[in-house]
Amino acid sequence: MASRMASKMATHGQGGVGKTTMAVMLVNDPMVQQAFDRIGWVSVGQTPNIMEMQRTLYQQLTGDPMPLKDGATIETQLDDLQKACTGKRWLVVLDDVWDREHEKRLNCIDPSSASKQLVTTRIRGLMPGCDEISLNLMTPSEAVDLLLRTGQIEDANEAAREAAAEIAK
């Protein structure tokens, strides 16, 4: 069960189970949008350009480009990003994280504020100490039911169920 006070949450599962889709639905939910003043999102992947992602988050969250400084490093940019986030009520989504170090270098939320961070990953336990939700594949019958409901097919006949089952497979 997720803690109400947690500033970070992770969801994990194999590719294709819907981690990103779930995160998109979350950030598009009107209640979530009302709960946060700003929402930032970066897709991290296996070989991210961390400095570029820091600048992207900074602009998404503050509305201004990150000031470029001579000799800037991942650490100095993270410091600027964290300072900008102090005391704010922002949601930061780090999608498709493969390495804990990447999350650390993009973790800009102020844990003493109402800000939250959501991490999606394929790796169970990537975020030690934070609340974690496991997403699993649907059973074949769950997939068929979802397809039929999405297609608004009520009282599906056997042919419709077989077609949905073939698609789900």
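Which residues lie nearest the centre of the second largest pocket? Leu-137, Met-138, Thr-139, Ala-143 and Ala-168 do, out of 16 residues that line this pocket. The model is predicted, with local features needing pLDDT of at least 70 and side-chain atom pairs counting only at pLDDT 80 or more, while totals for chains, interfaces and linings use all residues. Residues are numbered from 1 along each chain as its sequence is written, and side-chain values use heavy atoms, with hydrogens and water left out.

Helix H6 (140–150) and helix H7 (158–168) are the elements that give two or more residues to the lining of the second largest pocket; helices are DSSP runs of H or I with at least four residues, numbered from the N terminus. H6 gives the most, with six residues. By type, the lining holds 11 nonpolar residues, four polar and one charged (nonpolar: Ala, Val, Leu, Ile, Met, Phe, Trp, Tyr, Cys and Pro; charged: Asp, Glu, Lys and Arg; polar: the others, Gly among them).

The space in the second largest pocket is about 270 Å³. A pocket is an open set of points on a 1 Å grid over the protein atoms alone, where a 1.4 Å probe fits, with protein on both sides within 12 Å along at least five of seven lines; lining residues have an atom within 4 Å of a point. Points are joined across faces, edges and corners, and the volume is the space filled by probe spheres set on them.

Now the cysteines. The whole structure has zero disulfides (pairs of cysteine sulfur atoms within 2.5 Å). For Cys-85, the nearest cysteine sulfur is that of Cys-108, 3.6 Å away. Cys-85 counts as buried because its relative accessibility is 1% (buried means under 20% relative accessible area, with a 1.4 Å probe and protein chains only). Cys-108 is likewise buried, at 1%.

Terms used
Buried < 20%, exposed > 50% of the residue type's maximum accessible area, 1.4 Å probe, protein only.
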